[in-house]
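I opened this notebook to record what I looked up, entry by entry.

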Amino acid sequence: MQTSRLLLPVVCALSAQLSGCSWVFVQKAPPGPVEAFPASACTSSAAGPIADTVLASLFAGGGLALIIGAVGTPHQSDPYAATVSTAYRAVVAASGAILAGGSIPWAFSAAYGYTHTADCRELRQNQAACLSGVEDSCRWLKHRTP
């Protein structure tokens, strides 16, 4: 019964991350050449990738804390620690590994978000520069590849 109580939060946490913030909320810059006006409808804010980074860190840190706690040497003065079975420690360590592994989708979502928000900021910067008369920015917009 102890095993099912321990695995339930891990399963719930992993199922909650079927999609990362960046995959859901970041809109990529339009492909190909674009006009200088209007400004492209893409996401330039890094809020989604930052949230993904925080969540990835929490999952990884929580998982590592479980692993370290499970495989750490118990203090001799703690009578409870000496009675914890090896099987229970293995379940806790495995749960920690699953939780730490759960940080991987969030990390990929963060990378996706950082890449596409930076592309959007670059595009918008060149659009603004083109409108103010910078010919190199106008050429960049016309010869832009996806």
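Among contacts in the chain between residues at least 6 apart in sequence, what percentage join residues at least 24 apart? I found that 79% of them do, where contact means heavy atoms within 4.5 Å.

Before going further I noted that this is a predicted model, in which local features need pLDDT of at least 70 and side-chain atom pairs count only at pLDDT 80 or more, while totals for chains, interfaces and linings use all residues. Residues are numbered from 1 along each chain as its sequence is written, and side-chain values use heavy atoms, with hydrogens and water left out.

**Entry: the whole chain.** I counted seven helices and zero strands, taking both as DSSP runs numbered from the N terminus (H or I with at least four residues for helices, E with at least two for strands). Read from the N terminus, the order is α-α-α-α-α-α-α. Of the 146 residues in the chain, 32% are buried; the term means under 20% relative accessible area, with exposed set at over 50% and partly exposed in between, for a 1.4 Å probe and protein chains only. The chain exposes about 8900 Å², and carbon and sulfur atoms supply 67% of that area, which comes from the Shrake-Rupley method with a 1.4 Å probe.

**Entry: a cis peptide bond.** I looked at the bond from Phe37 to Pro38 and found it to be cis, with omega near 0°. Most peptide bonds are trans. Pro38 sits in the loop that runs between helix 2 (21–25) and helix 3 (47–71).

**Entry: helix 5 against helix 6.** Helix 5 (residues 86–101) packs with helix 6 at an angle of about 10°, and their axes are 5 Å apart. The axes are lines fitted to C-alpha atoms, for helices over the stretch in contact, and the angles run from 0 to 180 degrees between N-to-C directions. Helix 5 is therefore roughly parallel to helix 6, because angles under 35 degrees count as roughly parallel, over 145 as roughly antiparallel, 65 to 115 as roughly perpendicular and the rest as oblique. Leu99, Ala100 and Gly101 in helix 5 meet Ser103, Ile104 and Pro105 in helix 6.

**Entry: Ser103.** This residue belongs to helix 6 (residues 103–131). Ser103 is buried, because its relative accessible area is 11%. A polar atom of its side chain lies 2.6 Å from the backbone oxygen of Ala100. Not counting residues up to four places away in sequence, Ser103 touches Ala56, Phe59 and Ala60.

Entry: With neighbours within four places in sequence left aside, Ser109 is in contact with Gly20, Cys21, Ser22, Trp23 and Asp52. The C-alpha atoms of Ser109 and Thr53 are separated by 8.5 Å, although the two are 56 residues apart along the chain. Thr53 also came up for Ala111, which lies 58 residues from Thr53 in sequence and 8.7 Å from it in space, C-alpha to C-alpha. Ala111, in helix 6 as well, counts as partly exposed because its relative accessibility is 38%.

I ended with Asn126, which is found in helix 6 and counts as buried because its relative accessibility is 14%. Neighbours within four places in sequence aside, Asn126 is in contact with Ser137, Trp140 and Leu141.

Terms used. A polar contact is a pair of N or O atoms within 3.5 Å; within protein, one must be able to donate a hydrogen and the other to accept it, and residues adjacent in sequence count only if both atoms are side-chain atoms.
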